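Please keep the sequence and the model in view while reading.

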Amino acid sequence: MSYTTPPDRRRACILYVGLAVAVAISLLSYFDALSQYATADQDVTALRLTNFLKDPRSASLAQGSMISNLVVAGPARLLADLFGWFWHADDLIVWNIHSTKILPFAIVQVTVSLALILYLAHSATELARPGATSQRIALLFALALIMNCPMLKGLVKVLKYDALSTLFSAIAVLCYLRYRTASPSSSKVFPLASIGFFAALAYLEKDSTISNAVLILLIETTLIPFSSADGRAALLRLTRFLGVVALSFLVTSFVASPLYWRHPREISTLFSSVGPYLVNVPMGLALLGTVVLASLYILVPMIRPVWPARIGLPVFQKAVLLFLTAAVGVFAVLSVIFQENLIFDPTIAGNDLHPADLAARSIYVSKPIAFSSITTLDQSAWITHAKVLFGIIRTLFYTLPEITVVMIVTAAPLFLFLSRNDEYLFKSHAATLLLLMAVPAATLLAYAIGDVPFDPKYLVLVSLLLTIYGTFPALVALAKAPPRVPATTAYLLVTCAVLWTAFEAAPTNLRYKNILRDRTVENASAIDMNHYIWWMWPGWGETTYFISRYLEKNADRPAKIAFDNRRPFYTSPSLNWIQLDFDQCQSLDDLRAILNATAVADSDFLVVSKNMANRRWCLNQILRQMRDKAVYVDRQQGFDYGWLFRYSDVQRTFQH
């Protein structure tokens, strides 16, 4: 495709400039209030990276951050030393960024992540096979949508292994798609080795990402018999695929792990931490899957010679795309209609779900993973799996930008429209589009069957792959022909719509929810101790930053603030933060004792955050009785995350 006429070149120039501006704004948003708000695990991660610099033998696969140790820790220390020459703690550096102990680590992590996002967007663009001019425009368009995936941006700005592990996993998936779509005459060794390389990097950074590598292997193992001449050829292809990927994975794991250099035999423990994630997977299901896969290698080569020619691969692919259109549309409608949370959390101390009572009623409860269990109060495990799957799908629909949801829903119809008179276009891209949906779909099924306690940050890989799935037909359209005026306008409008999320949920982006989520229903969950409210985003400690900024602007004197979770990384020197421990508070007498303790009795304010009020009985009581008396509510997009009370009001309410 070429831009030969002056109108084509003008439209390309307008589109290029508009997309470049959008990408530049998106880039700046990754540094907005960076490391000013606290979330869980950032202090622990910073300590882990610092300890690695002191003693590389302190690294542990079970702790994670093995790649961050190599690419983040060293540059962050140099940056911290540089900052120390110019700024002290809490000094303003630029914009809304103050000097904090986490900032040097976060700057390096964001920089590395942006480089990976660029490579990811480039890989997604390459799958559409654009020309030279359209490639630059397509790359910018892909960047604009991927960079503004809210939860991805939110995680990249938090110092934790979720950022790099997610991006490595997504790149591994696209490497697999490049392997699948490579021409028969080209060498496939490099794409195969790339799968193992990036899958290993993801695993070393966060061990639970092994599930993504396993899903890639299972998908390829399933597809090989359908494109092999006979069973022997299928087994040879499978052996070559597994061998190259496994070898690349093991070599990368060894080279990138200093703990194996001195003790090479320790590599035998590489997968020792995977077991706990499989405690809820039925062993019978694993056996059934093995039998089905083995049957494919026997039956498919026998059936292929007598299969009707009129029902070829294109017919099957079109049928699947039509099914996808219907399924995604139905789930989108159901997400709007059914807003209620179907998942309960029996592990919260003080709620109405007593494990002994649930066991007596034969209610299915998942075995704990990361100290959490879930149930839907059904006796059937499979009904539970189905409801959990429905909950996960709704989480995705609620936490992706509206325009991204629209693109996901219309991706298959748009592709069918683009390829309606172009058989080559359909044959060259249909499999890619289907695989872009297959990986996230398989991931969702695995989550549901494994009863993994989930929240939006654990689904960011799925969100990212679905974003690429929704974007792919638009990239194909750019590769097919120069965009006319309506198409140019559409691309710019889509970019503006997704760019809005850079402001709507700023600066954390963790809390983004679109208009599909009912505000009233979600806000009511703050006082609900029975349900598993983490299926939506209840907060991760960041609410104190917004409350701190409110007090900094409105308090007329120094203030003492008692808080329940985490103080912000940056806070005004006029604010004194005192943490209260409500972990063992299970009665009003316990609450009074905490409120009247000498160290906090003279506090001016008390912060109650949503994520703590859900799982701490005493905080829940405060919120139930006093929510309307808050002097300030941390509210974003109509959702409430934290409440600021006058300490004297709380003491007065619970004095008797």
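## Model and domains

The structure is a predicted model. The domain assignment of the protein chain gives two parts: domain 1 is made up of residues 325-361 + 363-481, and domain 2 covers residues 529-655. A distance of 33 Å separates the C-alpha centres of domain 1 and domain 2. Where these domains meet, 23 residues of domain 1 and 14 residues of domain 2 take part in the contact.

## The interface between the domains

The size of an interface is often given as the accessible area lost when the parts come together. For domain 1 and domain 2 the buried area is about 1,700 Å², and carbon and sulfur atoms give 63% of that area. On the side of domain 1, Asn 341, Ile 348 and Lys 457 supply 30% of the area buried against domain 2, more than any other three residues.

Which kinds of polar interaction cross the interface of domain 1 and domain 2? There are 8 residue pairs in polar contact, with both residues at pLDDT 80 or more, whereas 0 salt bridges are found between the two domains. Sorted by class, the residues of domain 1 that touch domain 2 are 10 nonpolar, 7 polar and 6 charged.

## Lys 457

Lys 457, one of the three residues named above for domain 1, sits in the loop between α18 (423-449) and α19 (460-480). Is Lys 457 buried or exposed? Its relative accessibility is 6%, so Lys 457 counts as buried, the cut-off being under 20%.

The side chain of Lys 457 makes a polar contact of 2.8 Å with the side chain of Asp 455. Leaving aside residues up to four places away in sequence, Lys 457 touches Met 151, Leu 155, Trp 537 and Trp 540.

## Val 158

Val 158 is placed in the loop between α7 (150-156) and α8 (162-181). With a relative accessible area of 0%, Val 158 is buried. Beyond residues up to four places away in sequence, Val 158 touches Thr 39, Gln 42, Gln 109, Leu 510 and Trp 540.

How far apart in space are Val 158 and Phe 197? The two residues are 39 residues apart in sequence, and their C-alpha atoms are 24 Å apart.

## Backbone features

Most residues other than glycine have a negative phi, and most peptide bonds are trans.

The loop between α21 (501-504) and α22 (519-524) contains Pro 507. A cis peptide bond joins Ala 506 to Pro 507, with omega about 0°. Asn 509 lies in the loop between α21 and α22 as well. The phi of Asn 509 is positive, near 65°, and Asn 509 counts as buried at 2% relative accessibility.

Trp 95 also has a positive phi, about 60°, although it is not a glycine. This residue lies in the loop between β1 (92-94) and β2 (97-98). Its relative accessible area is 51%, which means that Trp 95 is exposed, since the cut-off for that class is over 50%.

How values were computed. Residues are numbered from 1 along each chain as its sequence is written. This is a predicted model: local features need pLDDT of at least 70, side-chain atom pairs count only at pLDDT 80 or more; totals for chains, interfaces and linings use all residues. Side-chain values use heavy atoms; hydrogens and water are left out. Domain bounds come from an automatic or database domain assignment. Contact means heavy atoms within 4.5 Å. Buried area is the accessible area (1.4 Å probe) that two parts lose on being put together, summed over both. A salt bridge is a side-chain nitrogen of Lys or Arg within 4 Å of a carboxyl oxygen of Asp or Glu. A polar contact is a pair of N or O atoms within 3.5 Å; within protein, one must be able to donate a hydrogen and the other to accept it, and residues adjacent in sequence count only if both atoms are side-chain atoms. Ala, Val, Leu, Ile, Met, Phe, Trp, Tyr, Cys and Pro count as nonpolar, Asp, Glu, Lys and Arg as charged, and the others, Gly among them, as polar. Helices (H or I, at least four residues) and strands (E, at least two) are DSSP runs, numbered from the N terminus. Buried means under 20% relative accessible area, exposed over 50%, partly exposed in between (1.4 Å probe, protein chains only).
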